[in-house]
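Student: I have a new model open and would like to learn how to read it. Could we go through it together?
Tutor: Gladly; let us look at it first.

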Amino acid sequence: MEKIMLFKDKTDCCGCGACMNICAKQAISMREDEYGFLYPVINETLCIRCGACKKVCGYQNVEESNTPLETFVGVTKKTDVMQSASGGIFASIATSVIEENGIVYGCSMELIDGVLSPIHIGVDNLVDLKKLQGSKYVQSFIGNSYSQVKQHLNSQRIVLFSGTPCQIAGLKAYLNKDYDNLLLIDIICHGVPNAKLFKDYIYSLEKKLKAKITEFNFRDKTYGWGYTGKAIYKTANGKVKEKLIYTGESSYCQLFLKSEICRESCYVCKYANSHRTGDVTIGDYWGVEKEHPVLLSSNGGSYDEKKGISCLIVNTEQGRRFIDRYASDMQLSVSKFECAARKNGQLKAPIRRSEKRYNLLELYREKGYDAVEMWFKKDKGFKLILIKIKNRLPYKMKIKSMLGR
């Protein structure tokens, strides 16, 4: 029998890990390419050519047909919205699932051998749920979470699985059947850089701080809803400190937002449209001030835009049942998919490939992240100085500047 070819081109693989999870012989592992992106590799000695890995690839074989049933503006009433990146809808639903003895899967930044690593984990208590809250702008390692989910489902436990649309599609293809006790939540995804590049970025920060970073939050709300991040680090004498990471000054954040370091498949993503993979789609409701101005507290409404507001899209009847079940824990106002998509571009089309991507990744491959950092500073030039000055304005002046945008 011929060897199995899992994909012909890198654009044909989203790195979801479904093929690795389905392999009964554990013949497939996820390995880094020259830039750090994970792709499945078959151990030919173990492979029995059963073809299960080819069949389970939802990215290549399955076309999504779901269309939005309902769209909402939303914030949590059950949890602390300041601990979430936007309006806390995920935290609210996840808390309710755990209170019903369910389990919640999502991306966590785990310290593994002293290095922050984005991996998918399952949690069944409210203390650990905090690990899954907040945005992570990096692709997580799925590991064997798909097979774990199947075990929980077969034991009749409620499972909430959250992730990027391609990760949700991978789980659906792996399970190959519907479950009444499964809720799938996909995020409005801007594309994903890889974990190796992210770790090297963290290491570059550690060298500047001369300390070890133990936590990294991409979306801190010290200055309100937005993109400012925060690093928690431990100094040589054991003191725990924190540093705000201003998006405009961060090479990694800027390269991510400009789509210059994302995975090949992200630029042709088949899920960046209204045909969602999840029962429910969540994300920031960017542009809510124009789509629903009367809802905002600044106009006499009940939604505080400084604390964050979520977009909630219900895609399936399964999603509708769960949202109806937990609706009392959320503040929801009716919207339209077209309104939510206006400032959430990945509800309409994939990100655009930057012309700088190849050269940047080659620079990273050849000379490491420090070279990328130097390129970023040179590319920004005098603008970076102006950004730093603005970011260090007194708090009240900063708030006035933000609200005046």
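Student: Is C53 buried or exposed?
Tutor: Buried means under 20% relative accessible area, exposed over 50%, and partly exposed in between, with a 1.4 Å probe and protein chains only. C53 has 9% relative accessibility, so C53 counts as buried. C166 is also buried, because its relative accessibility is 14%. A word on the background: this is a predicted model, where local features need pLDDT of at least 70, side-chain atom pairs count only at pLDDT 80 or more, and totals for chains, interfaces and linings use all residues. Residues are numbered from 1 along each chain as its sequence is written, and side-chain values use heavy atoms, leaving out hydrogens and water.

Student: How many disulfides does the structure hold?
Tutor: In general, a disulfide is a covalent bond between the sulfur atoms of two cysteines. Here the test is a pair of cysteine sulfur atoms within 2.5 Å, and the structure holds zero disulfides.

Student: Which residues have the most contacts inside the largest nonpolar core?
Tutor: In soluble globular proteins, nonpolar side chains tend to be buried together. A nonpolar core is a set of buried Ala, Val, Leu, Ile, Met, Phe, Trp, Tyr and Cys residues joined through side-chain atoms within 4.5 Å. The largest one has 39 residues, and F198, Y201, F216, F218 and Y252 have the most contacts inside it. Helix α8 gives the most to this core, with six residues; helices (H or I, at least four residues) are DSSP runs numbered from the N terminus.

Student: What does Y252 touch?
Tutor: Contact means heavy atoms within 4.5 Å. Leaving aside neighbours within four places in sequence, the partners of Y252 include Y137, P193, F198, Y201 and Y369. Apart from this core lies another, of 36 residues, among them C16 and V159.

Student: What is the volume of the largest cavity?
Tutor: On a 1 Å grid over the protein atoms alone, a cavity is a set of points where a 1.4 Å probe fits but cannot get out, and lining residues have an atom within 4 Å of a point. The largest cavity has about 190 Å³, and of its 20 lining residues, P165, C189, G191, C266 and C269 are the closest to its centre.

Key. On a 1 Å grid over the protein atoms alone, a cavity is a set of points where a 1.4 Å probe fits but cannot get out, and a pocket is an open set with protein on both sides within 12 Å along at least five of seven lines; lining residues have an atom within 4 Å of a point. Grid points are joined across faces, edges and corners, and a volume is the space filled by probe spheres set on the points. Helices (H or I, at least four residues) and strands (E, at least two) are DSSP runs, numbered from the N terminus.
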